[in-house]
Amino acid sequence: MAVFSKSYDHFLGYALSGGGAKGFAHLGALKILEKCGLKPDVIAGTSAGALAGVFYADGYHPDEIVELFHRKEFREFVEFTLPTSGFFKSTGLHNFLKRNLRAKRFEELQIPFYAVTTDWDRAATVIFSNGDDLVDAVVASCSVPIVFYPQIIHGVPYVDGGLLKNFPVSVIRKKCKYVIGVNVSLILPAPEKNNIRRMMERTFNLMSNSNTLIDKAYCDILIETEGIEKFSMFDLQNQIKIMDAGYHCAALAMSKKESWEVVRKCHRHYELTKQIRGQIDRVKGWM
């Protein structure tokens with residue numbers, strides 16, 4: 001339903017950043033937003049944010065999402081291959097999504113969803129939001145260059161959306177009255193000892209953070225998960241700790257006066273929407 005005061009497509013949108021395993025912090029933040037009585041009309045996600053976002057858009061509760069990943073190891077989501085354009089194929093992740101997502105097409109999701117990817121050939125951000133490329137688009141959004149092979153969709157190679165748009169607030173900004181952004185990818189500290197994995201992770205982290213500054217300014221509420229920088233982007237052993245950190249940071253952000261002003265307006269919108277729908281139902285009953 002369109003917003004009453006202006007022709008926005010949606011009232012409230014969530015933008016979820018990339019960040020590898022730190023994306024479990026999104027689940028903690030989503031739990032707090034639910035406690036505030038909020039429900040998004042649209043979700044945009046990059047990389048880990050796309051992974052958390054698609055399951056949430058599919059109707060999963062945050063606790064159910066983390067349970068899907070419980071006791072999973074990185075090697076279960078990948079297939080090692082000869083390193084030509086990447087060290088791993090995302091075969092396991094692709095199968096995992098196909099097995100657990102109820103929706104097979106974007107249109108079957110309970111909440112409209114935007115998966116942010118990067119067209120490798122054209123060096124351009126590409127947004128997937130409709131059709132039957134749902135699983136492929138999410139896998140593409142998570143395909144960190146060099147680590148993973150590009151995901152081929154209709155003959156085009158796509159890689160991690162964080163390369164150019166790690167925090168996809170601008171993807172939905174003009175469509176929404178309000179946007180709540182959750183950024184789980186803060187600057188990593190320089191490692192005490194370097195190895196190839198740490199060098200690659202910090203390089204991608206610095207690069208992706210450089211394209212988040214404008215998007216942070218676009219948020220009506222910005223939740224940043226400070227304190228989880230120490231966790232690796234491939235750390236699947238500390239899911240609960242990371243989720244709890246996201247919960248704590250979101251609780252602090254939502255306790256601010258300006259955040260509650262947005263929450264109050266959202267609840268007012270829900271009330272007006274319910275009243276209008278009730279009136280429409282009564283009119284239909286008279287016909």
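Modeller: Contact means heavy atoms within 4.5 Å. Keep that in mind for this predicted model.

Colleague: Among contacts between residues at least 6 apart in sequence, what share joins residues at least 24 apart?

Modeller: Start with the contacts in the protein chain whose residues are at least 6 apart in sequence. Then keep those that join residues at least 24 apart. The share is 75%.

Colleague: How many helices and strands are in the protein chain?

Modeller: Both kinds of element are present in the protein chain. The count is 10 helices and 11 strands.

Colleague: What percentage of the residues in the protein chain is buried?

Modeller: Buried means under 20% relative accessible area. The protein chain has 287 residues. The buried part is 55%.

Colleague: Is helix α2 enclosed or open, and why?

Modeller: Helix α2 covers residues 48–57. Its buried residues include Leu51, Val54 and Phe55. In total, 10 of the 10 residues are buried, so α2 is largely enclosed by the rest of the structure.

Colleague: Which residue just after α2 takes a positive phi?

Modeller: Look just past the end of α2. The phi there is about 100 degrees. The residue is Gly59.

Colleague: How many residues of helix α5 are buried?

Modeller: Helix α5 spans residues 134–141 and is mostly covered. Among its buried residues are Leu134, Val135 and Ser141.

Colleague: How many nonpolar residues are in the contact of α1 with α2?

Modeller: On the α1 side are His26, Leu27, Leu30 and Glu34. They meet Ala48, Gly49, Ala52 and Tyr56 in α2. The contact has 2 polar residues and 1 charged, and the nonpolar count is 5.

Colleague: What is the handedness of the crossing of α1 and α9?

Modeller: Helix α1 covers residues 24–35, and helix α9 covers residues 239–254. Their axes come within 6 Å and cross at roughly 40 degrees. The crossing is right-handed.

Colleague: How many residues of the contact of α1 with α9 are charged?

Modeller: The α1 side includes Phe24, Lys31 and Lys35. The α9 side includes Ile242, Gly246 and Tyr247. The contact has 12 nonpolar residues and 3 polar, and the charged count is 2.

Key
Residues are numbered from 1 along each chain as its sequence is written. This is a predicted model: local features need pLDDT of at least 70, side-chain atom pairs count only at pLDDT 80 or more; totals for chains, interfaces and linings use all residues. Side-chain values use heavy atoms; hydrogens and water are left out. Axes are lines fitted to C-alpha atoms, for helices over the stretch in contact, and angles run from 0 to 180 degrees between N-to-C directions. Helices (H or I, at least four residues) and strands (E, at least two) are DSSP runs, numbered from the N terminus. A crossing is left-handed if the near helix is turned anticlockwise from the far one by less than a right angle, and right-handed if clockwise. Ala, Val, Leu, Ile, Met, Phe, Trp, Tyr, Cys and Pro count as nonpolar, Asp, Glu, Lys and Arg as charged, and the others, Gly among them, as polar. Buried means under 20% relative accessible area, exposed over 50%, partly exposed in between (1.4 Å probe, protein chains only).
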